[in-house]
Amino acid sequence: MASRIARLWQPGAPQTRSLLPDFWMAVVRSSTVGRARLPANCVKFEVDPRMSKHDVREYLEKVYQAPVRSVRTEVQMGEILWNSKTDYQYKKAMWKEEDKKYAYVFMEKNYKFVFPMELTFSESEEVREIEKHKEQMEKIGENSKFVNSDRGTVGRLLS
Amino acid sequence: MNFPMHRGIRPAARLIPSVRFSSTAVTETGVAVSVVEPPPPPTTTLHDAAKIKPAFNRKVHRIHTSKHMLQDEFLNAGDLTDSARLYDYKRTGEIAASLTNIVERIAFVSPYERPWTAAERTWRRDWHPALVAPRKAWALPAVPAHFDVLNFYKYITKTHVEQGKLDELYKDLHLPTRTFKELTRASLRANLESTAFDSEADRTSALLATLLDDAVLSLVKARPQLAEQRISYKSKSEAFWVRGGFSFLYDHQEFNEVEVTQKIWNNQKYTGDDRRKLGELAFVHRDELAASVRSVKGLEPMMRESESTDVFWKLDEGKLKDELYSPRVANREMCSRVEAESHQHTVLAVKSLAGLPERITEHWRMRGEEAKETALECATAQAVATAFANLTATAHTQGFTQYNDVDAPLTTQLVLSDGRNFYFAVAQLNTLAINVELKDFPNPRHNSLRIEGPFPLYDEVNDGRFVYERKEFGLALLEYYSELGRDVDEAPMRDASSTVSMMKWPLQSLRNLLLTFPILLVAIVFWNEYLVYYVKIGLTCRWPEGAEEDPFRVFMVSDTHLLGRFRGHWVDKLKREWQMHRSYQTARQLLQPEVAFFLGDLFDEGQWSNNFLLAEYADRFEDLFSCESTKMVVLPGNHDLGFHYASA
């Protein structure tokens with residue numbers, strides 16, 4: 001679906017036009033433990049809030065030839081920022097985040113989904129920052145390594 | 001406490017099968033031995049550890065890792081075992097066992113309703129959040145709503161499933177299949193050609209009920225014991241159970257941490273039975289069977305006892321544990337209800353799978369092999385759920401709860417069908433204590449189910465004839481129905497002629513009577529809405545006599561006032577238009593006029609319509625009154641053109 005109108009053509013301008021669709025889908029990482037964990041044949045997407053289950057299915061089948069079997073959607077309400085308790089009481093919000101729509105797409109049974117960024121994620125900026133932080137934390141505790149905690153019979157209770 | 005759902009359930013006769021679980025025979029090694037003896041007094045299968053009353057401050061979950069070495073060195077005895085939970089379990093079991101009234105006992109373990117506690121009643125004020133209603137359970141739908149639920153269903157009912165191998169349970173059965181085949185063929189044809197059903201689901205249910213009737217009819221001479229059993233149509237049952245524990249027992253992993261923990265300490269507290277605290281792993285299955293054969297006594301157990309202990313389950317468990325991702329099972333209540341009646345045992349359950357084929361081909365868009373596999377899987381899953389719900393309900397109506405486990409296996413047979421493909425299954429409920437998972441409480445038993453199928457009833461319908469590829473179907477179906485009588489074989493044979501047997505089935509004759517009713521109804525409608533016009537007009541209306549040769553015959557019709565979209569109700573419109581159409585067309589056919597004049601006010605709402613609507617009304621008018629042999633002259637009136645209010 002493309003709801004945008006092409007720019008009015010002016011004489012001399014090129015005739016090529018590209019109309020991008022309004023609908024978009026993005027693969028979202030899901031937790032690997034606990035109740036948010038997904039089966040191997042399920043992929044979680046964040047999708048355009050206007051997309052229906054049918055749209056999600058058609059998108060994946062037509063564009064990527066994915067073996068979609070069923071789609072479930074979830075709308076997550078955006079957070080509301082309140083200034084004070086009174087504002088909350090009278091429902092006068094400062095700001096509300098946009099609602100988000102997620103689609104849980106169940107592929108055919110023996111399908112195994114691997115997160116596409118899994119391979120490149122380890123090299124990302126974020127990971128490097130975390131590694132650096134860990135190294136620094138180890139350096140802080142450096143002295144405790146040289147403390148002699150084995151003090152023989154000193155401090156042991158008589159039996 | 002008031003528990004309306006259990007009203008009317010009466011304590012039933014205890015069942016006395018030959019194989020009985022002996023509670024003392026269940027050892028720590030998990031070997032259960034079958035003992036043939038009179039029923040033992042109700043005992044619980046509990047380890048001695050449960051006899052120790054734990055200290056009052058022992059928690060049921062280890063809430064933290066040791067903070068210092070002393071805690072590691074001098075472990076509290078109460079923390080070494082699950083004794084706190086086990087003690088709770090045992091105490092509850094004792095209380096349950098002390099209640100002799102079954103209704104009271106089930107009400108005692110029922111998690112459905114709970115009166116608000118004194119503190120909740122006393123201290124709640126209007127500005128507090130409302131008291132959240134007690135627990136809600138996940139309902140298993142009538143037919144699986146997802147395509148790979150089999151493992152999940154197996155896990156939540158602790159059932160081991162095997163495909164095939166059913167023939168060995170039905171050896172040496174010689175059945176009169178010829179009558180049954182003829183009856184089946186006739187009722188199948190009648191069912192497929194009938195237009196009396198509102199939906200395909202109704203059609204399937206009716207077909208299954210009729211097939212059961214046919215089987216009983218063809219068997220009743222050979223097995224007069226059938227008369228002691230009862231067919232129930234559209235029987236309902238409901239089972240509620242909890243498999244698994246609390247949401248706070250789920251695994252939890254902090255961002256970028258390797259360690260997986262549980263947030264047991266400092267998690268949010270909810271009061272009472274708040275559904276946010278517990279509920280994601282509570283299940284309910286409200287099952288409606290197309291038909292079932294019920295009996296006062298249960299069936300003999302069909303599967304060997306070695307099959308019901310954990311040899312098979314251990315194999316399954318690794319795979320199935322993954323279905324809930326982090327199942328920590330806590331002991332909780334189970335309860336169920338069935339319609340109160342004397343015939344408590346479901347000997348044969350016939351379940352309709354209507355809607356499943358559409359779901360597979362249209363909703364999940366599966367084709368070929370995948371569709372076949374999914375159909376089998378979904379049928380198996382449904383068999384697991386139906387068997388578990390029905391057997392649990394039977395067990396509960398006999399006073400067995402998860403605190404005092406069943407003392408003998410309960411068995412039922414199932415036939416599942418979407419109207420064309422049939423699946424046959426035998427299920428056995430070996431344990432109710434499926435939701436107790438404690439170190440000191442070994443419960444090696446699991447429930448089991450064997451299923452075989454699909455057997456297509458016919459491959460296709462060709463020129464009104466059913467084309468079969470497989471011959472064995474009729475036999476298979478009859479085997480199952482014949483098995484109904486097996487458990488009462490020892491009872492003294494009765495002198496049961498077919499007339500007497502038929503009298504035992506008043507439902508059957510009532511159904512035959514009801515079948516003639518639609519035909520009568522159709523005849524009445526046809527007379528009143530069609531034929532009566534010809535008779536009335538033909539007898540009473542004719543042209544004036546004494547006219548010259550070949551007169552010019554004219555109809556004058558006026559003010560038809562065809563109802564419109566805004567003021568007319570569709571029923572009124574249908575009735576009026578049909579009457580006008582029939583009377584006009586009948587008169588025209590009988591009296592043969594050359595011209596018909598329509599003198600205005602054709603439509604009721606012509607003055608309010610735009611071009612589109614007017615065209616629609618005009619088409620309708622044409623449909624009702626036009627004919628090639630009669631010329632029409634149509635004049636508009638004030639209702640057609642809109643001078644209605646101007647002239648007034």
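Helices (H or I, at least four residues) and strands (E, at least two) are DSSP runs, numbered from the N terminus. The model is predicted: local features need pLDDT of at least 70, side-chain atom pairs count only at pLDDT 80 or more, and totals for chains, interfaces and linings use all residues. Residues are numbered from 1 along each chain as its sequence is written, while chains are lettered from A and ligands numbered from 1 in the order in which they are written.

**Exercise 1. Helix α10(B)**

Task: Determine which residues of α10 (residues 356-363) of chain B are buried, and which are exposed on the other side.

Solution. 
1. A residue is buried if 20 or more other C-beta atoms, placed from the backbone, lie within 10 Å of its own, exposed if 12 or fewer, and partly exposed in between.
2. Leu356(B), Arg359(B) and Ile360(B) are the buried residues of α10(B). Because they span an arc of only 95° around the axis, they lie on the same side of α10(B); the arc is that of the directions from the helix axis to the C-beta atoms.
3. An α-helix has 3.6 residues a turn, so residues three or four places apart point the same way.
4. Glu358(B) and Glu362(B), on the other side of α10(B), are exposed.
5. The cover over the buried residues includes α11 (368-397) of chain B.
6. After α10(B) comes Arg365(B), with a positive phi near 50°.

**Exercise 2. Strand β13(B) and its neighbours**

Task: State how many residues of β13 (residues 410-417) of chain B are buried, and which strands are joined to β13(B) by bridges.

Solution. 
1. Eight of the eight residues of β13(B) are buried, so the strand is largely enclosed by the rest of the structure.
2. Leu410(B), Thr412(B), Leu414(B) and Leu416(B) point one way, whereas Thr411(B), Gln413(B), Val415(B) and Ser417(B) point the other way.
3. β12 (residues 345-352) of chain B runs parallel to β13(B), with five bridges between them; here Ala349(B) is opposite Leu414(B).
4. β14 (residues 421-429) of chain B runs antiparallel to β13(B), with eight bridges. In β14(B), Ala427(B) is the bridge partner of Thr412(B), and Ala425(B) stands opposite Leu414(B).
5. The hairpin of β13(B) and β14(B) has three residues between the strands, and Gly419(B) takes a positive phi near 105° there.

**Exercise 3. The sheet in chain B**

Solution. 
1. Two strands pair if DSSP finds at least two bridges between them.

**Exercise 4. Confidence and the interface**

Task: Identify the elements of chain B with the lowest and the highest mean pLDDT, and count the residues in contact between the chains.

Solution. 
1. pLDDT is the predictor's confidence in each residue, from 0 to 100. Chain B averages 73, and 68% of the residues score at least 70.
2. The lowest mean among the elements of chain B is that of β2 (residues 34-35), at 32, and the highest is that of α10(B), at 94.
3. Two residues are in contact if their C-beta atoms, placed from the backbone, lie within 7 Å. Contacts join 14 residues of chain B to nine residues of chain A.
4. The model scores ipTM 0.71 and pTM 0.64.
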